[in-house]
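Visitor: I would like to learn how to read a model like this one. Please take me through it feature by feature.

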Amino acid sequence: MEQTFIMIKPDGVQRGHVGEIIAFAEKHYADLSSKPFFNGLLDYIVSGPVVAMVWEGKNVVTTGRKSIGATNPTDSAPGTIRGDFAIDIGRNVIHGSDAVESARKEIGLWFPEGVANWSSILHPWIYE
Ligand code: UDP
Ligand code: MG
């Protein structure tokens with residue numbers, strides 16, 4: 001697969017642009033900035049690529065959180081994503097918005113240009 005070499009040049013580094021990705025993560029987790037685990041959480045969240053998605057459906061915030069499981073995998077039920085795949089709280093494999101309002105903010109942050117408007121042909125077979 002094709003690759004490219006990207007380098008932030010000395011002026012970019014001196015002017016502090018390297019920190020922009022950190023700032024992005026800081027914004028995502030702004031509500032947790034006073035927590036003792038905040039710095040470790042930022043290091044973790046910018047340590048590699050992530051897969052960002054928007055899920056859509058009735059009560060999807062609540063049902064999404066249920067499928068994801070409790071924050072601490074020790075407390076996540078078997079059958080949940082964290083319960084089945086995670087062990088440590090600081091490596092709990094997946095994020096999900098905790099409320100409709102935070103979902104709105106987070107989707108705006110990660111998808112500033114918006115997402116496609118798509119509707120499944122199965123919609124009437126799923127929803128009454
Ligand atoms: N986290 C951590 N240590 C803690 C609490 C949280 O490392 O003691 C991390 C963990 O990755 C968690 C994230 O911070 O998923 C955000 O915390 P939050 O309380 O919002 O949990 P979530 O909404 O992800 O279940
Ligand atoms: Mg949260």
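Visitor: What pLDDT does the protein chain average?

Guide: This is a predicted model, and pLDDT is the predictor's confidence in each residue. Here the protein chain averages 86, and 86% of the residues score at least 70.

Visitor: Which elements have the lowest and the highest mean pLDDT?

Guide: Helix H1, residues 10-14, has the lowest mean, 67. The highest mean, 92, belongs to helix H4, which spans residues 60-68. For the complex, the predictor reports an ipTM of 0.98 alongside a pTM of 0.85.

Visitor: How many helices and strands are there in the protein chain?

Guide: The protein chain has seven helices and zero strands. Read from the N terminus, its elements run α-α-α-α-α-α-α.

Visitor: What share of the residues of the protein chain count as buried?

Guide: Burial is a neighbour count: a residue is buried if 20 or more other C-beta atoms lie within 10 Å of its own. By that cut-off, 5% of the 128 residues are buried. As for contacts between residues at least 6 apart in sequence, 31% of them join residues at least 24 apart.

Visitor: Which residues are around ligand 1?

Guide: The shell holds Leu32, Phe37, Leu41, Thr71, Ile89, Gly90, Asn92, His95 and Asp98. By class, four of the shell residues are nonpolar, four polar and one charged.

Visitor: Why does ligand 1 lie between domain 1 and domain 2?

Guide: Ligand 1 lies between them because domain 1 (8-48) and domain 2 (51-117) both give residues to its shell.

How values were computed: Residues numbered from 1 in each chain as written. Chains lettered and ligands numbered in written order. Predicted model: local features only at pLDDT ≥ 70, side-chain atom pairs only at ≥ 80, totals over all residues. Near = placed C-beta within 6 Å. Nonpolar A, V, L, I, M, F, W, Y, C, P; charged D, E, K, R; others polar. Domains from an automatic or database assignment. Helix = DSSP H or I, 4+ residues; strand = E, 2+ residues; numbered from the N terminus. Buried ≥ 20, exposed ≤ 12 C-beta atoms within 10 Å, placed from the backbone. Contact = placed C-beta atoms within 7 Å. pLDDT = per-residue confidence, 0-100.
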